[in-house]
Amino acid sequence: MKHHHKILTLRRDLNLFQAIACGIGIIIGAGIYVLLGSAAGLAGNAVWISFIISAFLALFTGFSYAELSSIFPRDGSEYVYVEKTFNKKLAFLIGYSTLLGGSISAAAVSLGFAGYFSSLLNTTYLVPVAVSLLILMSIVNLRGIKESANLNILLTTIELFGLVFIVLVSLKYFGSVNYLEAPKGISGILSASSLIFFAYIGFESLVKLSEETKNSKKIIPLALISSILIT
């Protein structure tokens, strides 16, 4: 008796605009709103230099991911790249390292959100708020990539308007401080750079959408580089 197994595939719903919006949303989400204060504490007024250093590092890393995603357009991303280049054992290790890194990033962002939310409502329920956010986002992801992308576009738009508002409000103070002042010197600037690079991390998550993107061999590399350049 022959058994016919149906191969389950993901829906290729994402277009270029949605993919770029995903990249921007992931980077800005943690980069500006969660870690900027900590980075400024290390680099002082010269924190903009730290951002430039981190941006260059992220861009070159992004070029590597873009090239690999065009060769291996699979959702497995890092696991697939290492498996094809080296072996399955090392790929297994890298795969679990990626899962751990993603868990730490999700925890940092959700706790950052909980911190702002608790300050706004003057409560101390940090962990319950963070866990609730993770559950809510998981439900949206389970609904489908199209729903996730549409929510992401909405939230990214709100984030960008927030940044524009801050820039407009601060324009009258422009030039009134020394932008090269770094209380902790070069070490403080470089320490802030490492922290900001952690904030930039997330652009590589785009390659995990390869099997849910139309013409992913072209769109994912373009969206990856575009989202880094825009941010």
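This note covers the fold, surface and two local features of a predicted model.

1. Basis. Local features need pLDDT of at least 70, side-chain atom pairs count only at pLDDT 80 or more, and totals for chains, interfaces and linings use all residues. Numbering runs from 1 along each chain as its sequence is written, and side-chain values use heavy atoms, with hydrogens and water left out.

2. Fold. The protein has nine helices and zero strands. Both are DSSP runs numbered from the N terminus: helices are H or I with at least four residues, strands are E with at least two. The C-alpha atoms fill a box of roughly 80 × 40 × 30 Å along the principal axes.

3. Contacts. Contact means heavy atoms within 4.5 Å. Of the contacts with a separation of 6 or more, 77% join residues 24 or more positions apart.

4. Burial. Of the 231 residues, 35% are buried, that is, under 20% relative accessible area with a 1.4 Å probe, protein chains only.

5. Helix α9. Residues 216-230 form this helix of 15 residues. Its C-alpha span, first to last, is 20 Å, close to the 21 Å expected at 1.5 Å a residue; the expected value is 1.5 Å times one less than the number of residues. Its buried residues include Ile-219, Ile-220, Pro-221 and Leu-224.

6. Ser-54. Which helix holds Ser-54? Ser-54 lies in α3, residues 47-71. Ser-54 counts as buried because its relative accessibility is 0%. Leaving aside neighbours within four places in sequence, Ser-54 contacts Ser-193, Ile-196, Phe-197 and Tyr-200.

Conventions. Buried means under 20% relative accessible area, exposed over 50%, partly exposed in between (1.4 Å probe, protein chains only).
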